[in-house]
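Please look through the sequence and the structure shown here before reading on.

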Amino acid sequence: MRNTKKIPKWIRFLLMAFGSILTVLLLTVTVLVAIPLIEGVDAAPVAGSADWMARLPDDVSLGELSIPGAHDAGTQYVQLGFFSKCQARSIGQQLEDGFRYLDIRLAVSGDGLGLNHGFCECRAGAAPWSGRLMLEDVLEDCYAFLSAHPTEAVIFAVKQEYGDESVAEFQRVLDRYIQADADCWYLGSELPSLGEARGRLVLLRRYDDEAGLGVNAGIALIWPNQNGYDDPAKAFSTEDCFVGSQILAVQDRYEYSEDEKWIAFRAEADDPDTVVLRFLSTKGHMTYGHPYRYAKELNPRLLALCEGQDVSLGWAVVDFGNALLASAIYEQNF
């Protein structure tokens with residue numbers, strides 16, 4: 001005879017609960033891990049993108065140029081990528097694509113520095129067992145690029161992103177990296193000319209010189225957190241952070257909708273003699289947004305803006321950039 005004994009209700013309840021939990025976990029993994037892995041960009045190269053600065057004279061200041069920048073440059077393989085991923089190309093590929101402003105977010109990790117976006121660690125690859133992306137990995141790519149393309153200069157904009165360490169301790173760890181290859185760096189308190197910077201990383205710091213490193217601390221590039229919600233047509237703030245005659249006009253409003261962000265990006269700085277730094281990156285009004293969604297809408301607007309016309313952009317920093325977008329920005333110099 002067949003056993004017709006029913007499964008007890010409590011067991012059925014547990015099975016249903018387990019199934020629901022498993023479904024939620026699978027959906028979470030899909031959203032946070034799988035979807036970001038397929039959110040890419042057109043990787044087609046643009047002729048001359050690796051050497052575009054070779055077409056410029058030595059005496060032009062970096063502050064006068066339209067320079068393509070990569071926001072959160074190390075986030076190709078970042079934890080919680082749905083919320084934290086801002087680039088689909090590696091830093092080495094970004095340099096080949098023409099990006100010359102790298103937004104580098106670092107946190108102390110052991111006796112070194114690793115890349116972060118907020119509390120999320122950047123990884124060296126897509127595999128779950130990939131190690132953390134460390135500063136030495138990034139510098140290896142940068143040094144190799146500049147050795148192969150000595151006409152180029154890379155603005156290396158560093159921010160202490162996460163951790164309990166003091167700024168002074170963070171600076172001392174970073175300085176050990178720099179002094180190991182000091183010839184590869186431009187260390188000064190004022191923005192150099194392109195001729196002075198060719199073949200080098202130009203250190204810009206988004207923190208005070210609490211360690212008292214002086215000239216070795218790099219160039220101050222400091223502004224308060226901007227968030228969003230202000231009138232996007234008046235989104236710039238002016239910061240007297242450079243030593244010398246130049247000042248910084250920055251727009252880094254990252255809590256705007258795509259339309260608000262576009263208005264802010266197109267706004268003009270009050271003083272045309274400033275160094276203009278404008279971010280196209282945003283996450284929207286939510287606490288944890290999805291940067292790819294906004295980049296997918298905003299990057300084509302920037303391409304269309306640059307097509308067939310002269311546009312004053314300054315340093316234009318984007319999410320999910322590629323060679324086509326970088327070339328649209330740097331071609332404004334010619």
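Predicted model: local features only at pLDDT ≥ 70, side-chain atom pairs only at ≥ 80, totals over all residues.

A residue is called buried when its relative accessible area is under 20%, exposed when that value is over 50%, and partly exposed in between.

- Glu161 counts as buried because its relative accessibility is 15%, which is under the 20% limit.
- Arg105, at 8% relative accessibility, counts as buried as well.

**A pair between two loops**

- The side chains of Arg253 and Asp230 also meet in a salt bridge, at 3.0 Å from N to O, and this pair links distant parts of the chain that are 23 residues apart.
- Arg253 sits in the loop between strand E10 (248-251) and helix H7 (258-266), whereas Asp230 sits in the loop between strand E8 (219-220) and strand E9 (237-239).
- Arg253 is buried, with a relative accessible area of 9%, while Asp230 is partly exposed at 39% relative accessibility.

**A pair between two helices**

- Arg293 and Glu258 form a salt bridge through their side chains, at 4.0 Å from N to O; because Arg293 lies in helix H8 (residues 291-306) and Glu258 in helix H7, the pair ties together parts that are 35 residues apart in sequence.
- Arg293 is partly exposed, with a relative accessible area of 43%, whereas Glu258 counts as buried at 18% relative accessibility.

**A network of shared partners**

**A nonpolar patch on the surface**

- Which residues form a nonpolar patch on the surface? They are Leu80, Phe119, Tyr162 and Tyr288, which together have about 430 Å² of accessible area.
- Phe119, a member of this patch, is placed in the loop between strand E3 (112-117) and strand E4 (120-121).
- With a relative accessible area of 46%, Phe119 is partly exposed, because this value falls between the 20% and 50% limits.

Conventions: Residues numbered from 1 in each chain as written. Heavy atoms only, no water. Patch = residues over 30% accessible without salt bridge, like charges linked within 9 Å, V, L, I, M, F, W, Y side chains within 5 Å. Areas by Shrake-Rupley, 256 points an atom, 1.4 Å probe, with all protein chains shown as cover. Helix = DSSP H or I, 4+ residues; strand = E, 2+ residues; numbered from the N terminus. Buried < 20%, exposed > 50% of the residue type's maximum accessible area, 1.4 Å probe, protein only.
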